[in-house]
Amino acid sequence: MLILKLFLKDSSNLITRQLTPKLVKQLSPYNIRKISSGQNHTAVIDCFGRLFTFGSNKFGQLGLGHSKARLGVNLVGSSLVGHKVTNVSCGDTFTICSTS
């Protein structure tokens, strides 16, 4: 499965819209089952129920416990350790998921 992103961060961590889809190479090794996109971030679930997020973290929407800028794909851990994520949905400034 190809995972494409429609935004980029430049060296100063500013998000700019990308006019053409671009492959997210960091997700290539994973068997992605579900995808949700917000205004400036994306969340995906792999076949093992792990949640990965990438994009803007201005409001903490990447689920990392802070709102610091992050480049690349992030595996969401902490409160999800030991749980299998079954669904995810991204809003403009938030991400919500359910577990089994």
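Start by selecting Phe52. Phe52 is buried, with a relative accessible area of 4%; the cut-off for buried is under 20%. Keep in mind that this is a predicted model.

Across in β6, Leu75 is its bridge partner. Two bridges in total join β5 to β6, and the two strands run antiparallel.

Now zoom out to the sheet. Select β3, β4, β5 and β6, in that order: these four strands form an open sheet with antiparallel pairing. β3 and β6 are the edge strands, each pairing on one side only.

How many aromatic pairs does a search of the whole structure find? One. The pair is Tyr30 with Phe52: the ring centres are 4.6 Å apart and the planes stand at 45°, so the pair is tilted. Distant parts of the chain are linked here, with Tyr30 in the loop between β2 (15-23) and β3 (32-37) and Phe52 in strand β5, 22 residues apart.

Colour the two residues by accessibility. Tyr30 is partly exposed, at a relative accessible area of 31%, whereas Phe52 is buried at 4%.

Last stop: Phe59. Is Phe59 buried or exposed? Its relative accessible area is 52%, so Phe59 is exposed; the cut-off is over 50%. Show its neighbours. Leaving out residues up to four places away in sequence, Phe59 touches Ser67 and Thr93.

Technical notes
Residues numbered from 1 in each chain as written. Predicted model: local features only at pLDDT ≥ 70, side-chain atom pairs only at ≥ 80, totals over all residues. Heavy atoms only, no water. Buried < 20%, exposed > 50% of the residue type's maximum accessible area, 1.4 Å probe, protein only. Contact = heavy atoms within 4.5 Å. Phe/Tyr/Trp six-rings, centres within 6.5 Å; stacked < 30°, edge-to-face > 60°. Pairing = 2+ DSSP bridges.
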